[in-house]
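Here is a short report for a first look. Read it with the model open beside the text.

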Amino acid sequence: MNSKIDYLLNIGIVKLFIFSPLVILLISCAAQENKENSEKHQNRLAQASSPYLKEHADNPVDWYEWGTEALERATREGKPLIISIGYASCHWCHVMERESFMDTAVARLMNENFVSIKIDREERPDIDQIYMNAAQLISGKGGWPLNAFALPDGKPFYAATYFPKEQWKKILNQILAAYKKDNGNVLKQAESLTKGIQQYEVITIPVDSVASYNHKIYEDIFPSLETVIDYKSGGFSGAPKFPMPAVWEFLLQHHYLTGNKKALDAVVITLDEMANGGIYDQLAGGFARYSTDADWKVPHFEKMLYDNGQLVCLYAHTYQVTKDQKYADVITKTLDFIKSDLTNPDGGFYSSLNADSEGEEGKYYVWTKSEIENVLEKKAAELFIEYYQVTDVGNWEDSKNILFVKDKIEVVAKSHLITTEELAKIILEAEAILLKERKKRVSPSLDDKVLTSWNALMLDGYLGAYFALGKSEYLQIALVNARFLEKNMMRPGGQLWRNHKDGKSSIDAFLDDYALLAKAYVRLYEATFDIHWLELARSITDYATDHFRDSRSGMFYYTSDDSEFMVARKMELTDNVIPSSNSVMAEVLYRLGEYFDQDEYRNFSKAMLSQVSKDVATSGAYYANWARLMGLVTFESFDVAIMGEDTMEKRQQLLSHY
């Protein structure tokens, strides 16, 4: 590879400077100039549907949304593309915007030499997937903000994540020099990288030549998976820690089917430690996206709908197994948060809450010791401070504290010579007082777009909670959401929209939207016995089969056959923080095959599982939802017929168990 391109892949360390008063004054003047300019200027993103893109509408950068206008201009002017991708609750996305994209000098460099495109990865995961693959192929790393450089036709030649301002300016100049003076090698790099992306996580093996699977393969998944489980703090060993609900759902199933207690222990330890940690909002309920440490104590404070939908379901399933009241409490509190903070008046669910408020990460959620002492009466403050590990020096920045639990409530109660019940009552009352006080603060910004796939996960979460706890309120909320999605996201013939904002639906849906909504509607049928929802699930699945399925491999592409031109048509195969759309679609096909007694659905599902069966056996952590399907298929389902006047009551009794 040319040395200039090599250099781009190995950027040096940014120097730190000690500023003189004169430099500080100049920076202050520049900041004031930027602010005055931004108040006058609104770029194209002011018309975007995405709250994340609208946040960049006052940037001096001449941003485009993804589309033909930007690509045609780049082609016409012979300029490379900057494709910058992020999302509304991303802390480092906001940092890079403040440092670089609000800077007029940086904007001038970008505007004169590049065509710049801003993308909300939650609206356009198909585009994000391509350029994230590029970053991973180049460096083995990914993340957001994601910044890719591409030819005018969209083929990337370099991609990486966050850059501080001086480093960003340096790489802009280096990219520009390479593009102008060494264009032949840049073109070769783009072709090579694009070929790698096109082959990355795409299956081309014919469906009739793949491996099989059986009980033994399923049972052997746990021993290989167990080597990475942290039996002390839960989750996987090391940091950061992501919830990864699909993994623990598989272990619950594995325990049920094989009787392996260690599988259940791993789930219980993980759920207990998460519920005690800072990743869980101890006052209002709900989970942050991940923990930066190995003990769930220090979260990345953004709250995502998709995490909370899956985690409610996971806690509900674990409650069904253990009947542990603390899991019911987590479910109830989290759904109270969803209802108050992430539900729109029509029954749709909003996408996320920002990690930042007033320019600081986590400011809304953390406390100094004195703040707590000033709000609570003395004895309650003393008990609350001890129970939630609050100190004068703090466990976070600037002597502030993230609330988390270290000792069991029985231990703290005993040390103060009171009953567990008395302490629980005091803590509960103190939480309510502090939550009321917290609501006086400037709250994190809300991303109020409604996404089909994420809503389906939350719909499934409400149904899981209804099955476990039997609260009819949860079923009613699920039905309101299901009708909202049917009205606003479904199109004729089973086709779907992905996004809904300000009364308008837009963006053709992707495979995760089809798979997850079909799955949620199947679950709603199980909750109501209303065949309408099962028929909708079949209609959605049939559309996806007709427009997303690759007949050669039997797998599904992430985009439909009539989607806009992209440099690569991808398949989503591995399970991550959200199960892969192919694994969910395979499960939906299997369940529909059972309900409608259609061999075609079942055969499609089993063929898909066969394609990844070797990977499931050796890499269970990244194929956990596939592993659950393997358990369902190999151990097989059976039918229960419920008859008589008390059918619905008997059904509820059955569904209350795992």
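## Charges over rings

A charge sits over a ring if NZ of Lys or CZ of Arg is within 6 Å of the ring centre and within 35 degrees of the ring normal. Arg 44 meets this with Tyr 64, lying over its face at 3.6 Å from the ring centre. Arg 538 lies over the face of Phe 596, at 3.9 Å from the ring centre.

## About the model

This is a predicted model, in which local features need pLDDT of at least 70 and side-chain atom pairs count only at pLDDT 80 or more, while totals for chains, interfaces and linings use all residues. Residues are numbered from 1 along each chain as its sequence is written, and side-chain values use heavy atoms, leaving out hydrogens and water.

Strands (E, at least two residues) and helices (H or I, at least four) are DSSP runs, numbered from the N terminus. Two strands pair if DSSP finds at least two bridges between them.

Strand 1 (residues 81-86) and strand 3 (residues 146-150) run antiparallel, joined by five bridges. Leu 81 has Ala 150 in strand 3 as its bridge partner.

## Nonpolar cores

Buried means under 20% relative accessible area, exposed over 50%, and partly exposed in between (1.4 Å probe, protein chains only). A nonpolar core is a set of buried Ala, Val, Leu, Ile, Met, Phe, Trp, Tyr and Cys residues joined through side-chain atoms within 4.5 Å. The largest nonpolar core has 165 residues; Phe 149, Trp 168, Leu 251, Tyr 521 and Trp 626 touch the most other members. Helix 22 (residues 511-528) gives the most to this core, with 12 residues. Apart from it lies another core of 26 residues, among them Val 115 and Leu 193.

What is Phe 149 in contact with, leaving aside its neighbours within four places in sequence? Its contacts (heavy atoms within 4.5 Å) include Leu 81, Phe 114, Tyr 158 and Trp 168.

## Aromatic pairs

Rings of Phe, Tyr and Trp (its six-membered ring) pair if their centres lie within 6.5 Å; planes under 30 degrees apart count as stacked, over 60 as edge-to-face and the rest as tilted. The structure holds 33 aromatic pairs. Tyr 466 and Phe 467 form a tilted one, 6.0 Å centre to centre with 45° between the planes. Tyr 466 is buried at 8% relative accessible area, and Phe 467 is buried at 4%.

Phe 510 and Tyr 558 have ring centres 5.3 Å apart and planes at 10°, so this pair is stacked. Phe 510 lies in the loop between strand 14 (504-508) and helix 22, and Tyr 558 in the loop between helix 23 (531-548) and helix 24 (581-596), so the pair ties together parts 48 residues apart in sequence. Phe 510 is buried at 5%; Tyr 558 is buried at 2%.

Ring pairs also link Trp 63, Phe 101, Phe 114, Phe 149, Tyr 158, Phe 163 and Trp 168 into a cluster.

## A covered helix

Helix 5 (residues 91-101) is mostly covered, with eight of its 11 residues buried. Among them are His 91, Glu 97 and Phe 101.
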